[in-house]
Amino acid sequence: MLRLDGLEDGAGGVVHVEVAAGAHAVIAVGDPDALARCVAGVGPGHGGVRLGESVLTGASAARRWQAGLAVVLSALPEDAGPSILDVILLGDGSRGRWETLAAALGTRRAHGRSADAEAAARALAGRIGLAPWLDTPVTAAPPHARASADLARALSGTPKALVWRRPEWLRPVEIRSLAAFVQDEARRLGLAVLEVREATPLARR
Amino acid sequence: MRRVALLPLRRVRERGRLVVLVAAAVWPFLLDSPAAHRRGTELAALVLIGAALTVTVGWLRVLALHVPATLAGGAAATTAVLGAGQSLPLGLLTAMVVGAVLSTLTVAPALSRPRVRAPLTTLVAVVAVWGWVLPSVRLGAFARPVVVGVDLAGDRALYLAALGLAALGWRAVANLHVAPFGRRARAVGTAPELASMSGAEPRRVWLSTFALSGALGGAAGAVLAVLAQGMPQAVVFSPVNAIALLAIPLLGGREPEGAIVGALALGMAPLLLRGLPEAQLLMATALVVLIACTRFRGLVDGGLARLGRAV
């Protein structure tokens with residue numbers, strides 16, 4: 001279960017929400033980016049974050065990721081990686097210093113693991129519709145490919161909970177396709193999904 | 001419509017790269033003179049230095065000036081171990097450990113804002129080692145050792161050993177470049193927030209990457225010490241040399257192949273400009289200034305890649 005207690009949404013609001021494993025909750029806030037960054041542990045803000053038994057309040061972004069909390073901002077920095085595939089593989093975590101030593105030495109087992117990770121990333125990219133963009137530099141990829149790549153990066157780490165900033169700047173058909181993918185993956189993996197949308201000015205009033 | 005290639009261009013490019021690497025490795029044997037073998041050994045050390053700089057300058061995108069300090073540490077450790085009559089593998093291992101520790105110590109004070117502070121802390125470390133530590137250290141000469149039945153007294157045998165070590169070091173960096181370790185280090189260099197959100201601890205990544213770089217620098221120092229049969233000339237460890245060595249990753253680019261291309265380009269300069277004093281230093285410094293003033297991304301991932309696509 002993902003639980004957020006008293007997180008600031010960056011526009012003066014405070015968020016309290018609980019999402020059970022396998023459930024999909026949607027919240028609309030004034031500044032979705034600020035809230036998502038706050039949950040990820042890379043932005044300013046106070047409030048409690050808890051995932052299952054793990055209390056992640058005040059934990060570093062890396063610690064939150066390692067506990068199984070994946071946050072998707074749906075936008076990638078210009079220089080996020082040489083290719084979309086590299087960005088997806090970023091979610092493929094470190095496996096300890098001995099594995100790093102094995103990778104440096106180029107052992108057969110390390111090659112096998114690397115090939116497995118790449119195959120899994122390609123399969124994930126195929127499911128999300130990123131296959132044509134895998135070898136494209138991030139700078140040359142269109143916005144929907146970047147949003148999909150960020151989502152695929154988060155899912156490649158096998159998270160327990162996903163906080164997904166809905167990419168409202170994309171075309172409606174692209175958003176619907178990503179939303180359907182998130183729902184499918186959540187059902188398949190039993191993820192707690194929190195979808196963060198931007199509140200319209202009317203709703204904010 | 002399916003495009004039909006008249007020539008297997010990708011294969012031509014890959015083979016071309018292989019031909020360049022083989023030519024770079026075998027030219028001392030073609031000239032077959034002690035001077036050529038000594039020059040080849042220096043080039044092998046430069047490739048190790050290039051690999052050390054690829055992981056810091058190329059991956060972390062930081063102006064790291066620590067390499068002469070790690071060279072000095074590696075050379076001093078090897079000289080001390082071999083001078084005490086111990087084996088070369090032990091000397092090499094000690095040099096790598098000393099290089100890794102020194103390198104980590106140079107970046108440790110800069111971890112709060114590493115990209116801004118690391119150039120300063122690494123420069124201070126190089127100045128301290130070159131100006132204060134090295135003049136106070138007295139290490140004697142030693143005879144080149146015999147390793148697994150191979151007498152390194154001959155320049156040819158030493159070149160072969162140095163070539164093997166450079167190949168191993170470069171291969172390790174090339175392997176790590178596509179492993180989670182290298183991918184995270186590159187992400188910490190270019191998109192630190194995304195890297196953190198993907199499980200990378202930036203401080204740990206900075207420390208471990210500098211440790212790797214220091215180990216490679218220490219190994220290069222060991223090669224230079226065995227070549228000189230003692231501590232190499234002090235100019236090798238100077239702060240000016242630290243800036244000149246930056247030409248290797250800046251010229252070569254961020255890819256591992258850039259270490260070889262940059263090292264060859266920088267190492268061959270004195271051959272081309274024979275007669276000019278300090279030619280290598282002059283050319284390297286001019287290159288660093290030139291590259292800093294342009295948006296050149298390196299021969300391998302910039303120029304050569306673009307050329308490859310055009311072909």
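**View 1. Strand 1 and strand 4 of chain A in the predicted model.** Strand 1 and strand 4 (residues 48–51) of chain A are antiparallel and are joined by four bridges. Across this pair, A:Arg3 has A:Arg50 in strand 4 of chain A as its bridge partner. Helices (H or I, at least four residues) and strands (E, at least two) are DSSP runs, numbered from the N terminus, and two strands pair if DSSP finds at least two bridges between them. The model is a predicted one, in which local features need pLDDT of at least 70 and side-chain atom pairs count only at pLDDT 80 or more, whereas totals for chains, interfaces and linings use all residues. Residues are numbered from 1 along each chain as its sequence is written, chains are lettered from A and ligands numbered from 1 in the order in which they are written, and side-chain values use heavy atoms, with hydrogens and water left out.

View 2. Four strands of chain A make up an open sheet with antiparallel pairing, in the order 2-1-4-5. Strand 2 and strand 5 (54–55) of chain A are the edge strands, each pairing on one side only. Strand 1 (residues 2–8) of chain A runs antiparallel to strand 2 of chain A, with six bridges joining them; A:Leu2 is partnered by A:Val19 of strand 2. Five residues lie between the strands of this hairpin, and A:Gly10 there takes a positive phi near 85°. Buried denotes under 20% relative accessible area, exposed over 50%, and partly exposed in between (1.4 Å probe, protein chains only).

**View 3. Strand 8 of chain A and its parallel partners.** Five of the seven residues of strand 8 (residues 192–198) of chain A are buried, leaving the strand mostly covered. Strand 3 (residues 24–29) of chain A runs parallel to strand 8 and is joined to it by six bridges, with A:Ile27 opposite A:Val196. Strand 7 (residues 161–165) of chain A is also parallel to strand 8, through five bridges; here the bridge partner of A:Arg165 is A:Val196.

**View 4. A:Thr158 in a loop of chain A.** A:Thr158 lies in the loop between helix 6 and strand 7 of chain A. This residue counts as exposed because its relative accessibility is 65%. Its C-alpha atom is separated by 18 Å from that of A:Ala179, 21 residues apart along the chain.

**View 5. The interface of chain A and chain B.** Contact (heavy atoms within 4.5 Å) involves 31 residues of chain A and 23 residues of chain B. The two chains bury about 2100 Å² between them, 58% of it on carbon and sulfur atoms; this is the accessible area (1.4 Å probe) that two parts lose on being put together, summed over both. In chain A, A:Asp79, A:Leu90 and A:Ala104 lose the most area to chain B, together 25% of what that side buries. Three salt bridges link chain A and chain B, each defined as a side-chain nitrogen of Lys or Arg within 4 Å of a carboxyl oxygen of Asp or Glu. One of them joins A:Asp86 to B:Arg186, with the closest N and O atoms 3.7 Å apart. Helix 2 of chain A gives the most to the side of chain A that touches chain B, with five residues.
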